[in-house]
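Subject: Structure for you to look at

Hello,

Here is the structure I said I would pass on. Please open it alongside this message, as the notes refer to it throughout.

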Amino acid sequence: MRLADAITAAIDRFYVRPVAVLLPLETFRYAACGGMTYVLFDPTCYFLIYNYIVGHRFFDLGFFVLSPHIAALALVFPLTFFVGFWLNRNVAFRRSPLRTRTQLWRYALSIGGSLLLTYAVLKFFVEVCCVWPTPAKVLTTCVTTVYSYLAAKYFTFRMENGPRDGENGLRQRKWL
């Protein structure tokens, strides 16, 4: 059994009522992949890199100095980028007929869009709406998550004619 198949099977075991009634399977898998990447993998890598590789040191690059937390972020980003891409491509959006190279390029564009959206929305909430930074970050994450899902489904991993489950092009729910 391939790793992607094992991960998919493990995720699908939790796709039961009432979740199955509320979310399509693809959306559920996307949420599970995001949770694995950004709740488990990313903080674990960040902790290990920050404490054992960067070692709380500043990095003088000549033209500017990287603080330890930004240096760790810079080292973690490529790891989470490729793990997130692999999970989305092989678990959440498996049926996409697009070539891997095309998907990777589109994924990079959508991640760039997520970074810009996060920056703009966070600045808006904090500087215009006067929301405290932590609640603003939570709200920003909600907005960015919706954007990321829509970008993944309809751009990065889209089907040839869009995702269709029923003859009329509408998603059909399975009632368990």
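Predicted model: local features only at pLDDT ≥ 70, side-chain atom pairs only at ≥ 80, totals over all residues.

Residues are numbered from 1 along each chain as its sequence is written, and side-chain values use heavy atoms, with hydrogens and water left out.

Fold

The protein has 6 helices and 2 strands, in the order α-α-α-β-β-α-α-α along the sequence. Helices (H or I, at least four residues) and strands (E, at least two) are DSSP runs, numbered from the N terminus. Of the 176 residues, 32% count as buried. Buried means under 20% relative accessible area, exposed means over 50%, and partly exposed is in between (1.4 Å probe, protein chains only).

Phenylalanine 59 belongs to strand β1, residues 59–60, and is partly exposed at 29% relative accessibility. Its C-alpha is 9.8 Å from that of isoleucine 70, which is 11 residues away along the chain.

Helix α4

Helix α4 covers residues 68–92, 25 residues in total, and spans 34 Å from first C-alpha to last, close to the expected 36 Å. The expected span is 1.5 Å times one less than the number of residues. The helix has a kink of about 30 degrees at valine 76, shortly before proline 78. The bend at a residue is the angle between axes fitted to the seven residues ending there and the seven starting there.

Leucine 75 also lies in α4 and is partly exposed, at 43% relative accessible area. In space, the C-alpha of leucine 75 is 9.1 Å from that of cysteine 45, although the two are 30 residues apart in sequence. Cysteine 45 sits in helix α3 and is buried at 13% relative accessibility.

Surface patch

Helix α3 (residues 25–54) supplies the largest share, 4 residues.

Aromatic rings

Rings of Phe, Tyr and Trp (its six-membered ring) pair if their centres lie within 6.5 Å; planes under 30 degrees apart count as stacked, over 60 as edge-to-face and the rest as tilted. By this rule there are 15 aromatic pairs. In one of them, tyrosine 107 and phenylalanine 157 have ring centres 6.4 Å apart and planes at 50 degrees, so the pair is tilted. Tyrosine 107 is in helix α5 (residues 100–128) and phenylalanine 157 in the segment after α6 (133–156), so the pair ties together parts 50 residues apart in sequence.

Salt bridges

The whole structure contains 4 salt bridges, a salt bridge being a side-chain nitrogen of Lys or Arg within 4 Å of a carboxyl oxygen of Asp or Glu. One joins arginine 94 to aspartate 5, with the closest N and O atoms 2.4 Å apart. Arginine 94 is in the loop between α4 and α5 and aspartate 5 in helix α1 (residues 3–12), so this pair ties together parts 89 residues apart in sequence. Arginine 94 is partly exposed at 33%, as is aspartate 5 at 25%.

Another joins aspartate 12 and arginine 29, at 2.6 Å between the closest N and O atoms. This pair links helix α1, which holds aspartate 12, to helix α3, which holds arginine 29, across 17 residues. Aspartate 12 is partly exposed at 25%, whereas arginine 29 is buried at 14%.

Lysine 123 and glutamate 127 form a salt bridge at 2.7 Å, N to O. These two both lie in helix α5, 4 residues or about one turn apart. Lysine 123 is partly exposed at 32%, and glutamate 127 is exposed at 52%.

Regards
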